[in-house]
Every structure is written in C-alpha cells, then in structure tokens.
Amino acid sequence: MDYRNILFEVKEGIGYVTVNRPKALNALNTEVLTELDDVFRRIDDDDRVKAVIVTGSGRAFVAGADIAQMSELNGIEGRDMTIQGQKVMELIEAVNKPVIAAVNGFALGGGCELAMACDIRMASDKAKFGQPEVNLGIIPGYGGTQRLPRLVGKGMAKKLIYSAEMIDAQEAYRIGLVEYVIPADELMAEAEKLAKTIMSKAPIAIKMAKVAVNNGLNTDLKTGVQFEAEAYTSTFVSEDRVEGMKAFVEKRPAEFKGK
Ligand code: CO8
C-alpha cells in the first residue's frame, strides 16, 4: 500500500512511523487509520524492525480523530469509525516489537489514545495531552476510557475525561501518563537511545515481557502469574537464555541472536 498520510522508514533496526497530515494537526481520519493498520501489520512481519518509534509531523503528535470527517457521519458510520480506531490501537499494543511514542506536540483525543496504545511514552516538553471529547458531545472512542484509568487511576482518568482539560508534559509525567519529559530538540535522539538500549537485550525476552505485562493487565493476578510462568518458559528454552547466562558467568557481553 502507498501511504499518503504517514511516513514509514527503517533505519538501523528502528521502524519510524510518522503521522504526516500537519495541516490538520495529524488528525486521524479513516484513511490515516487504514494506513496505520497496514504499516503495523507490515512491522509485525518485518524482521528488519526491532523497535518502533511513533511520532507526528509538525507541531502535533495527533490532535485527535478528524472532527470534520466525524461531523458528516451518521450513528452507524460513527460506530464503524470507532471500531476501526480501536482495532488499530489493539494492533499497535499487540505488535511483536517494542513501540515508543515520541510525543512531539498535541496528543489530544485519539492522539492521546494512540500514545497510550504504545508501550512507552516520551513527551517533548512542548507536548500537550487531553481527552477533550466531551466538548464535542462524545466520549473517548479509541480505548481512552479503558487505557487512561489503567495508566493514571480511575479518579484522575475521570477528572481528565469529564473536564476535557488539556495538560502539559510535566503534569502528564506527574500523573504517570508519560514515562519521560525531554527537551523538544532532544526528543528523537532520546527515543532512539531508548530504542537502541531495548534492542541490545534478548529479543525473545523483550517480546515475552511485553506479552506477559499486556496479558496480565487484562486478567486477574492468579491467571496473570500463570501466564507469566508460560512466557518465562518460552525465554528459558531459548538459545539467548543460554548465551545470556553463559556470558554473565564468563564476564563478557552477551551476543543475542533472537533464537
Ligand atoms: N480534526 C480535524 N481537524 C483538526 C483537528 C481535529 N481533531 N485538530 C485540528 N484540526 C485542524 C484545524 O481545523 C485547523 O485546520 P484549518 O487550518 O484548515 O482551519 C488546523 O488543524 C490547525 O488547528 P487550529 O487552527 O485549531 O490550531 P490552534 O493552534 O489554534 O489549536 C488545538 C490547536 C488546540 C489542538 C485545536 O486545533 C483543537 O482543539 N483541535 C481539536 C482537538 C480535539 O478536540 N481532539 C479530539 C477529537 S475527538 C476524538 O479524538 C475522538 C476519538 C474517538 C473517535 C471515534 C470515531 C467516531
């Protein structure tokens, strides 16, 4: 598929996905969602990609779902667009590579939801976050009512959703919505540094850690730890586990092969 609204390139093992509709502050219309769906399916299958960075062109990360498009939809079409967006977020959350959101600017509504579907969020000190849907007579529809309370707690999520308040990067950090706040001109370099740190670890272990955390959060503790034992076993039978432990004992850096 040719992309008109996103940019995708792979450099030194990092897949860069940039939402590129700066005139509309990278708002997610159905075409952008279709392209994001396609690119994350490709990433899942692409062995060149070891980690992913998601960002936006210009002064926004993503300023939400496309309000101009939504304003034209009937109820059924609105539901279809919600489900399309939810599926894309689920795909990003489940993709078999670590995904870092490098939040360069506005992350509002569907943009905040896109950031939350990523594994780790790094915010520029110029970024702004919020779920302003109630201003439009709707509620978050790309998973925000579910992922936001899981990240920041029930009360804080309700405060943000009910008030439609826009918060800055420091406040997002304080409440646990982002893991880092970085000066704007250092954001991509820091995201790359983190991606490279993660890429230097045992790939199967990273994959299994992601699956264990994600699955555990969707179930009760007992089922979660049972799942952890299975995920752990998948790492224990890997060649990289033998190499990692051998390298420690021999006091040398491990050479992981992703096997
Ligand atoms: N959709 C469409 N266009 C947008 C959006 C958007 N979400 N955000 C900005 N734009 C456009 C503006 O219309 C404007 O276009 P133009 O130049 O043609 O007039 C351009 O981007 C620049 O925006 P502004 O002139 O408004 O820039 P400002 O710096 O003055 O303001 C803001 C920036 C504060 C980000 C402002 O643009 C804004 O409030 N945007 C809307 C934010 C918002 O409400 N987002 C939530 C949308 S709802 C949502 O995401 C629901 C998700 C679930 C959907 C389910 C599907 C049915």
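An oxygen atom of the ligand lies 3.4 Å from a polar backbone atom of Lys-23, which is a polar contact in the sense used here (a pair of N or O atoms within 3.5 Å; within protein, one must be able to donate a hydrogen and the other to accept it, and residues adjacent in sequence count only if both atoms are side-chain atoms). This is a predicted model, in which local features need pLDDT of at least 70 and side-chain atom pairs count only at pLDDT 80 or more, whereas totals for chains, interfaces and linings use all residues. Residues are numbered from 1 along each chain as its sequence is written, and side-chain values use heavy atoms, with hydrogens and water left out.

- The ligand is surrounded by 24 residues (each with a heavy atom within 4 Å of it), and the closest are Arg-59, Ala-63, Ala-65, Ile-67 and Gly-110.
- Helix H3 (75-94) is one of the elements that supply at least two residues of this shell, and its 3 residues are the largest share (helices are DSSP runs of H or I with at least four residues, strands are runs of E with at least two, and both are numbered from the N terminus).

**Salt bridges**

- The whole structure holds 15 salt bridges (a side-chain nitrogen of Lys or Arg within 4 Å of a carboxyl oxygen of Asp or Glu).
- Asp-66 pairs with Arg-21, their closest N and O atoms being 2.7 Å apart, and this links distant parts of the chain, 45 residues apart.
- Asp-66 counts as buried because its relative accessibility is 8% (buried means under 20% relative accessible area, exposed over 50%, and partly exposed in between, with a 1.4 Å probe and protein chains only).
- Lys-210 and Asp-119 form another salt bridge, at 2.9 Å between the closest N and O atoms; Lys-210 lies in helix H9 and Asp-119 in the loop between H4 and strand S7, so the pair ties together parts 91 residues apart in sequence.

**Glu-93**

- Glu-93 has its place in helix H3 and, at 23% relative accessibility, counts as partly exposed.
- Glu-93 touches Ala-117, Asp-119, Arg-147, Lys-210 and Asn-214, not counting residues up to four places away in sequence (contact means heavy atoms within 4.5 Å).
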